[in-house]
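Welcome! Let us take a short walk through this protein, one stop at a time.

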Amino acid sequence: MLISLLICSLTLLFPLGHSSLPLVINTWPFKNATYAAWNALKAGGSVLDAVEKGCARCEMEQCDGSVGYGGSPDESGETTLDAMIMNGDTMEVGAVAGLRRIKNAIGVARAVMEHTDHTLLVGESASVFAENMGFIAEDLTTNKSLNIFSQWLKGNCQPNYRKNVYPDPSKSCGPYRPKATVARSKRAPHANTHSHDTIGIIALDRDGHVAAGTSTNGLTHKVPGRVGDSPIVGAGAYADSAAGGAAATGDGDVMMRFLPSYLAVELMRAGADPSAACKSAISRIKRHYSEFFGAIICANTTGHYGAACNRAPGFNQFHYMVSNSETDTPILKSVDCF
Ligand code: SD4
């Protein structure tokens with residue numbers, strides 16, 4: 001009796017048609033974010049609401065220390081945030097990069113989309129915009145981020161994201177001066193699975209409306225002013241209700257050069273299934289950066305989904321979350337990297 005009631009109410013909420021729609025899929029095992037996005041859809045919210053709520057949950061919970069306040073202090077010790085949201089119906093996008101003092105980066109990204117004609121606001125000016133829109137200004141530093149920063153300073157500022165430079169000999173770190181170029185292969189890789197865990201979400205409703213978004217605090221010890229892939233349209237995420245959605249995670253400095261989310265969506269538009277589209281987007285990067293750290297999730301308009309990741313030292317498998325009308329609850333998925 002209870003089961004039939006449940007099936008009945010689920011059917012009312014999500015009438016049958018596409019068996020696996022609605023769908024929420026997000027990078028990494030950020031289950032509470034999946035719940036938040038899924039519950040937003042179930043409550044009658046839009047796909048944009050789902051993406052926003054999911055990312056915001058991670059920002060609040062500081063998912064893996066890689067999303068939200070108090071993580072990834074830059075070279076000056078400050079945490080800054082990158083986020084974007086895309087409406088696959090209208091192709092509108094709102095994004096922020098290097099956002100200071102505001103915890104709810106995805107909320108500000110949505111405000112950029114809904115209350116300006118712009119696509120991307122950056123740095124201090126993005127924060128002033130957010131404050132003007134009523135977002136609360138707070139210190140994003142925590143004891144944890146202070147500690148990461150001071151440990152790094154004590155270690156002579158290594159590792160960092162500088163290359164081909166000499167530190168000032170009278171100081172433990174910058175200012176830096178250029179030195180002769182060294183081969184790329186001689187540089188220590190700076191990206192690893194511990195410094196990269198951006199949340200990327202794709203949401204589809206039962207009518208096939210698609211939205212996608214991301215939120216991250218970027219890279220630990222990044223050069224202040226550095227913007228990663230996450231707030232860049234087509235790099236961090238992409239959505240088109242005529243084709244599907246994709247979201248990427250990993251070494252944004254490398255990945256953004258290839259617009260992997262855009263590529264994956266275009267491949268799905270051309271008929272590739274989501275797993276193949278994800279794999280092709282990763283392969284394109286791999287050709288140039290065989291050991292890059294990164295992964296991507298993809299979903300098409302019928303609710304089929306997939307993921308792919310590049311095999312890199314210490315990264316053999318990528319975990320992501322899915323919730324759809326078949327599961328009605330977040331399910332952990334994994335894919336072997338290739
Ligand atoms: C960046 N891609 O800023 C982001 C970091 C990340 O999982 O974790 N992605 O490069």
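Our first stop is asparagine 300, which is buried, because its relative accessible area is 14% and buried means under 20%. You will find asparagine 300 in strand β11, which covers residues 294-300. Keep in mind as you look around that this is a predicted model. Leaving aside residues up to four places away in sequence, asparagine 300 touches Leu204, Ala243, Gly244, Met268 and Pro274.

From here, turn to the nonpolar core. The largest one holds 88 residues, and Ile296, Phe315 and Phe318 touch the most other members. Helix α4, residues 105-115, gives this core its largest share, seven residues. Not counting residues up to four places away in sequence, its contacts include Thr27, Trp28, Thr249, Ala295, Ile296 and Ile297. Ala307, Cys309, Lys333, Ser334, Val335 and Cys337 are also touched by phenylalanine 318.

Now back to helix α4 and a partner, helix α5, which spans residues 123-132. How do the two helices sit against each other? The axes of α4 and α5 come within 10 Å and cross at roughly 80°, so the two are roughly perpendicular to each other. On the α4 side, Val108, Ala111 and Val112 make the contact, meeting Ala126, Phe129 and Ala130 of α5. Sorted by class, this contact has six nonpolar residues, with no polar and no charged ones.

The next stop comes with a note from a record. In an unreviewed entry, UniProt lists Thr198 under "active site". Look for threonine 198 in the loop between β6 (176-178) and β7 (199-204). Is threonine 198 buried or exposed? Threonine 198 is buried, because its relative accessible area is 7%, and under 20% counts as buried. Beyond residues up to four places away in sequence, threonine 198 touches Thr27, Trp28, Phe30, Val67, Thr214, Ser215, Thr216, Ser230 and Thr249.

We finish in another loop, the one between α6 (143-154) and β5 (165-167), where asparagine 160 is placed. Asparagine 160 is buried, with a relative accessible area of 7%. Between asparagine 160 and histidine 221 there are 61 residues in sequence, yet 5.9 Å in space, C-alpha to C-alpha.

Methods
Residues are numbered from 1 along each chain as its sequence is written. This is a predicted model: local features need pLDDT of at least 70, side-chain atom pairs count only at pLDDT 80 or more; totals for chains, interfaces and linings use all residues. Side-chain values use heavy atoms; hydrogens and water are left out. A nonpolar core is a set of buried Ala, Val, Leu, Ile, Met, Phe, Trp, Tyr and Cys residues joined through side-chain atoms within 4.5 Å. Buried means under 20% relative accessible area, exposed over 50%, partly exposed in between (1.4 Å probe, protein chains only). Helices (H or I, at least four residues) and strands (E, at least two) are DSSP runs, numbered from the N terminus. Contact means heavy atoms within 4.5 Å. Axes are lines fitted to C-alpha atoms, for helices over the stretch in contact, and angles run from 0 to 180 degrees between N-to-C directions. Angles under 35 degrees count as roughly parallel, over 145 as roughly antiparallel, 65 to 115 as roughly perpendicular and the rest as oblique. Ala, Val, Leu, Ile, Met, Phe, Trp, Tyr, Cys and Pro count as nonpolar, Asp, Glu, Lys and Arg as charged, and the others, Gly among them, as polar. UniProt positions are given in the numbering used here, feature names are shortened, and annotations may be inferred rather than shown by experiment.
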